[in-house]
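Q: I'd like a close look at one part of this model, please. Start there, and then show me what goes on elsewhere in the chain.

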Amino acid sequence: MNFKHQHRGSGEEGEKIFRLGLAADIGLATGKALTGYLTGSTAIIADAAHSVSDVVLSSIALWSFTAAKAPKDKEHPYGHGKFETLGALGISCMLLATAGGIAWHALDLLLGLFSADPAIVSQSLTDHVHNHHHHHRGHHHGVDMEHPALALSMTVFSIFVKEGLYWITKRAGERQGSGLMKANAWHHRADAVSSVVALIGVGGSILGVKFLDPLAGLLVSGMILKAGLETGHQSVLELVDAAIPAKHLDPIKQTIVQVEGVKGCHRLRGRRAGSTLYLDVHIEVDPFCSVSAAHDIGENVRYQIHQSHPEVSEVFIHIDPSIQQICPSVDQQEILKGIACQKFSPGEDKDIEAAVSRIITSKYAEKMVVERITHHLLRGKMLLQIEVSMPADILIRDAVEVAKEAEEEILKAATNVIHVSIQLRLGSPIPQFNHD
């Protein structure tokens, strides 16, 4: 099908996007680490540690995306979409660990700085630079910077690169409907913002407000912590098959009800596996259409969903009779609940068929012969369609009168039957297929 080719092409494009992000993260991590070493900036070092974690996270994201796009097999009949979710959960754990490490290191620097010079906050900027600049140059933790221009240049360059990656990844994710790519795009945006925070710390150190540098490291760790919690929360929801919000299912419902032959739908629910969706839905069709026609409507619904919503991997479709076609004032959900609670004995159908055959054989044997009896079960009651053959020389007026009289007799004998329709067969019968 066409949507399968689209899926394969989008997978190749997505893999290229992830590889681009991985290459950029490697370059930024190397550049930031070197810049932090040369300048002694705590914020740049913290940002470099973040970029190192980005390399790991981008690698996991690339692997998860590739594994999730693998075709179904015997061991994974529902596909490999959960690998994408597991990868996202691993990324969230790495983010939380990185945030904790950066926060611990920044706090240690900040407390050490305040202990060595408690007057740093209260003194004026001029006095601070004059009295303490020489004392803290070459500080053990490297709060002062020897090459401020280099630190500023690296930070600004990182902001532009990450913001560019954000837009590239975001647009690709929107085209493909990939949740992982959209999340990764926002991760790039978070990196860009964290670099802005680091830039504030660098600027503070240049001006001599030394506590802003480790403080910026704390702010960076807070942003990483937030990203980790959000990613982890979403991953856990997917792993426990949490319900998809109704607003995300409404467009799919609109697609379903527009399919020819569908009278309505209900119980639409879904679960997410990475960037793919698995749906269950009950569709309502004409209660008197044949099984084969109802099946064809269901398959058309499946096809239209895949065509209009390529993120849907599988759809389980249950077909219900649309009782509202007969009783418009009755709620469909209440009807189905009543049918589900209704108890029928296994031999009830056979008993009704026997009663119908007995009535027609005993009273109308010379005028009609039963060829087929079709049952329709609606609201716990039965409707019967009876195909009969009649003598070739019988008048139509007489055939109608005989059929009406037989219908009344059957309704009297079968209390669970609310409607009987006797139909005269004129052509050849539909052949019966035996599977013995």
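**A sheet and its surroundings**

A: Let's start with strands β4 and β5 (residues 381-389), which pair in the antiparallel sense over nine bridges. Two strands count as paired if DSSP finds at least two bridges between them. To find your way into this pairing, look for I373, which stands opposite I386 in β5.

Before going on, note that this is a predicted model: local features need pLDDT of at least 70 and side-chain atom pairs pLDDT 80 or more, while totals for chains, interfaces and linings use all residues. Residues are numbered from 1 along each chain as its sequence is written, and side-chain values use heavy atoms, without hydrogens or water.

Now widen the view a bit. The strands β4, β5 and β6, in that order, form an open sheet of three strands with mixed pairing. At its edges you'll find β4 (369-378) and β6 (417-424), each of which pairs on one side only. Ignoring direction, neighbouring strands in this sheet are turned by 20° against each other on average. Helix α12 (residues 396-413) packs on the sheet and touches both β5 and β6, and its direction makes about 150° with that of β6. (Axes are lines fitted to C-alpha atoms, for helices over the stretch in contact, and angles run from 0 to 180 degrees between N-to-C directions.)

What sits around here? The largest nonpolar core of the model has 21 residues, and V356, M368, L384 and I386 have the most contacts inside it. Such a core is a set of buried Ala, Val, Leu, Ile, Met, Phe, Trp, Tyr and Cys residues joined through side-chain atoms within 4.5 Å. At least two of this core's residues come from each of α11 (348-364), β5, α12 and β6. Contact here means heavy atoms within 4.5 Å.

Let's step back to the whole chain. There are 12 helices and six strands in it; these are DSSP runs numbered from the N terminus, with at least four residues for helices (H or I) and at least two for strands (E). Of the 436 residues, 42% are buried. (Buried is under 20% relative accessible area, exposed is over 50%, and partly exposed is in between, with a 1.4 Å probe and protein chains only.) Take the contacts between residues at least 6 apart in sequence: 70% of them join residues at least 24 apart.

Next, look at another set of strands. Strand β1 (residues 264-273) pairs with β2 in the antiparallel sense over eight bridges. Along this pairing, A273 stands opposite T276, and C265 has I283 in β2 as its bridge partner. The hairpin of β1 and β2 leaves two residues between the strands, and G274 takes a positive phi near 70° there.

Why is strand β2 called largely enclosed? Nine of the 10 residues in β2 (residues 276-285) are buried, so the rest of the structure largely encloses this strand. β2 also pairs with strand β3 (residues 312-321), this time in the parallel sense over nine bridges. There, E284 stands opposite D320 in β3.

Let's zoom in on T276, which belongs to strand β2. With a relative accessible area of 16%, T276 is buried. Leaving out residues up to four places away in sequence, T276 touches G81, R271, E311 and S313. T276 and V312 are 36 residues apart along the chain, yet their C-alpha atoms are separated by 5.6 Å.

T255 sits in helix α8 (residues 246-257). This residue, T255, has a relative accessible area of 13% and is therefore buried. Apart from neighbours within four places in sequence, T255 is in contact with Q304, I305, S308 and H309.

Finally, find V156 in helix α5 (residues 148-176). Is V156 buried or partly exposed? Its relative accessibility is 32%, so V156 counts as partly exposed. V156 and A192 lie 36 residues apart in sequence, and C-alpha to C-alpha they are 9.2 Å apart in space.
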